[in-house]
Amino acid sequence: MRELTYGQAIKEAMTLEMRQDEDVFLMGEDIGVYGGCFGVSLGMLEEFGPERVLETPISELGFVGAGIGSALLKMRPIVEIMFSDFSTVCYDQIVNQAAKIRYMFGGKNSVPIVIRMPDGAGTGAAAQHSQSPEAWYTNVPGLIIIAPSTPYDAKGLLISAIRNDNPVLFFEHKLLYGMKGEVPEEYYTLPIGKADIKREGSDITVATYGRMVHLCLSAAEELLEEGISLEVVDLRTLSPLDKRTIIESVKKTGRLLIVHEAHKTGGFGGEIAATVTESEAFYYLDSPIERCCSMDVPIPCSLELEKNVLPTKERIIASARGLMK
Amino acid sequence: MIENELIIEMYKRMWLIRKFEEKINEYFSRGEIHGTCHLCIGEEATAVGSIFALKKSDYVHGTHRGHGQAIAFGTDVNSMMAEIFGKATGLCKGKGGSMHIADVEKRYLGSNGILGASMPISVGAALALKKKKCEDTVVLCLFGDGSSNQGAFHEAMNLAALWKLPLIFVCVNNLYGMSMSIDRSMSDPDLTKRSLPYGIRSISIDGNDIMGVYETVSEARSYVLGNGPMLIVENTYRHMGHAKMDANRYRTKEEINSWKQKDPIKRAGELLLKISAASEQDLVQYESDAAERIENAVRFALESPVLAIEKIADDVFAGEVVSDA
Ligand SMILES: Cc1ncc(C[n+]2csc(CCOP(=O)(O)OP(=O)(O)O)c2C)c(N)n1
Ligand SMILES: [Mg+2]
C-alpha cells in the first residue's frame, strides 16, 4: 500500500474534507506559504486560497474564539494552535466556551470545531514548547480528546473529528510528523472512543497513546526474547475513554502498565488505573498497577536532561520486568 | 407616524424589561431563586434602542447583564423567567440560568458568564456571515466598560478590522465594573479611543436617549456592512447594585439619584407626550400591560416542573459520540 508520513496523512484528511464540504476551513498562524510551524498544511493555500486557509495574527484567544463563533453559525473550522502549550492563552475559549455552550444552552446547538495541537517533547524546545497537556482537558466534560499514533489512525480519526458535531481537541505528537506508514488513498473514517490493540500479548496490558505507542511496541519486541508478552492497547481517544477494551485486556493478562509522556502526577494514567480498580478487572490483577510517565519536572532543554525526564524504551522495559517479579 | 409607532413599541419593550427585572429582584431578595443575577434597570434604552435598529436576520451577543438584551431581541419572557427559576420549560431547560440566556437558532448568541469571551465569538459569527455570503446581515456584540479591559477585546478588535467584518461593538458604559469606576480601571477612560489604533471608527452617545441610540445603531448597521466594524459607546447607569450582594459602598446616593432623574423610560414617555404620540393614560396602560405580562410569566415559571433528573447528563454532546467506523 502507499505510504504517507503522519503529517501528510493529516494534510490529506483536511484536504479531502475541504474538497467535499465548503463549510470546512483551516485557521491558524503561519499556515499559508510557510505551511504551518511543522509544515503540515504546505500547499493547501495554493489549492484552497486565503479565505479557506485563513492565516491569523498571533492571537490564540481571538482566533480560537472566532472559530467557535463560526461553528455556532454552522461552519466547521479546523483551528491549528502552533504548540499545544499555547492553548493556555485561549483556555477560556476551549474550557468555558466550546465545551460548555451546548449544555448551558440546553442542547439546542452544537460547536463543531476541531482544534489541532502539536504536543510532546524530544525537540529540545524546553518547558514551554514540549508539554503533553491532554489531562488539563480530560477533566472537562464536553470535549472529545484524540491522540493518534500512526499515519493511518491520524487520517481516519481526523476525518471523523471534522465530521463530528462536538468540539474535538486533536493532539499530534511533533516527533511523529515525519513517521511513515501505510495510508489508503480513499476517504475513510475511524471510530471515536474506540481503542485499538496494536499488539496482542498475554502477560501485561500496556495502556498508552500517541508517540509512546511506538516505544511500547519496540519494548514488547525486546521483552519477547525474555519470554514476557506485552499487549499494547493504543487508546487513540482519551475522552470518551474506551474502558471496556482496557478492562477486558487486563482480565486476560492480570497486569497493567500505563505509559504516557505527560507528567505522572495528575496525568491521564491515574484515570486509567482508576478505571481498572473500579471494575471487575481489579480481581484479576496479579500485581500492583505501574505507571511509566515523565518525571514531575518541567521539560528541560539539554538533550541529556530531557532524555532522563521522559519515558524511554529502557524505562518501559524496566517497569515491565518489575511487574513480572 | 411610523416613527411614533416605533417609539411606542420601544417604550413598551423597555417597560417589559423593567417589570421583568423588578420581579426577578423581588424573588431574589426573598431567596426564592437559586443563583445570581445582574439587573439592567436604568440601562433599558441601550438594549432596546440598539437591538430594535437591527434586522430580523442579524445576530446579537449579549452580556452577563443580559435579561434586557434578550427581551429586546424578542425572546419569550415566559421561557426566560422559567430559565431563571431553573425550570424544564426554561429556554435552556434550567441548565443555563440568568447568565446563559441564549437562543442560537434564533440568532441570539447568548449572554456570557466570562467577561470578554463574547468578543472573539462575535468575530467568528461575523466571519461565518462573510464566508456564507450573507450580504445584508450583521453581528452586534454588547459588553460592559469593565470588560473592555480584557485582552480579548483588543484581539477581537484587531481581527474584526483586519477581516473587515460586519460587526458592531456596543460598549454599555455604566461607569463601573462591579465596584471599580472607569477612572480607576482605565489609564484613559475615554472608551472611544480604544478602537482607534485598529482603524475602527467610534462614537460616544447618550445611552438613555432611546431614539439617539436607535438612530446611531441604524447608521452603524449600514456602515459596518461596507466598511468593517464600528464601536459605539452608550453611556448609561445601573440603578441597582452590581448583583445580589452589593451595598453600593463605592458610589454615593447623590450620584445614583442624579442618574435616576435621567431614567430612559421616563424620558421616552416625555418624548411620546411631547410629540403627541401617546396620552398620559396610554403610558399608564403600557406600563400595566407590561406588569401583567410579567405576572403571567412568573405564574408560568412557578407552575413549570424541574427537568427530570434522568436528563441531567443530556446535552453534553451532540449526537452519538462513540461513533462506528
Ligand atoms: C473573566 C471574568 N472576570 C471577572 C468576572 C466577575 N464579574 C462579573 S460582572 C463583573 C463586572 C463587569 O463590568 P462591566 O463589564 O462594566 O459590566 P457591568 O457589570 O457593569 O454591566 C465582574 C468583575 C467574570 N464574570 N468574568
Ligand atoms: Mg460596567
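Tutor: The model is a predicted one. Within it, the domain assignment divides chain A into domain 1, residues 3-182, and domain 2, residues 196-324. The C-alpha centres of domain 1 and domain 2 of chain A are 26 Å apart. Where these two domains of chain A touch, domain 1 contributes 26 residues and domain 2 contributes 24 residues.

The extent of such a contact can be expressed as an area. The size of an interface is often given as the accessible area lost when the parts come together. For domain 1 and domain 2 of chain A, the buried area is about 1900 Å², with 59% of it on carbon and sulfur atoms.

A salt bridge joins the side chains of A:Lys198 and A:Asp153, with an N to O distance of 2.6 Å. This pair counts as a salt bridge because its distance of 2.6 Å falls within the 4 Å limit. Polar contact links 13 residue pairs across the interface of the two domains of chain A, both residues of each pair being at pLDDT 80 or more. On the side of domain 1 of chain A that touches domain 2, at least two residues come from each of helix 6 (134-138), strand 6 (144-146) and helix 7 (151-163). That side of domain 1 of chain A comprises 14 nonpolar, 10 polar and two charged residues.

The account now passes to the contact between the chains. Chain B places 46 residues in it, and chain A places 51 residues. Chain B and chain A bury about 3800 Å² between them, and carbon and sulfur atoms give 64% of this area.

Two salt bridges are found across the interface of chain B and chain A. B:Lys132 and A:Asp23 form a salt bridge in which the closest N and O atoms are 3.8 Å apart. Helix 5 (118-131) and helix 6 (151-162) of chain B each provide at least two residues of the side that touches chain A. Helix 5 of chain B gives the most to that side, with nine residues. By class, the side of chain B that touches chain A has 26 nonpolar, nine polar and 11 charged residues.

Definitions and conventions: Residues numbered from 1 in each chain as written. Chains lettered and ligands numbered in written order. Predicted model: local features only at pLDDT ≥ 70, side-chain atom pairs only at ≥ 80, totals over all residues. Heavy atoms only, no water. Domains from an automatic or database assignment. Contact = heavy atoms within 4.5 Å. Buried area = accessible area lost by both parts, 1.4 Å probe. Polar contact = N/O pair within 3.5 Å; in protein donor to acceptor, adjacent residues only side chain to side chain. Helix = DSSP H or I, 4+ residues; strand = E, 2+ residues; numbered from the N terminus. Nonpolar A, V, L, I, M, F, W, Y, C, P; charged D, E, K, R; others polar.
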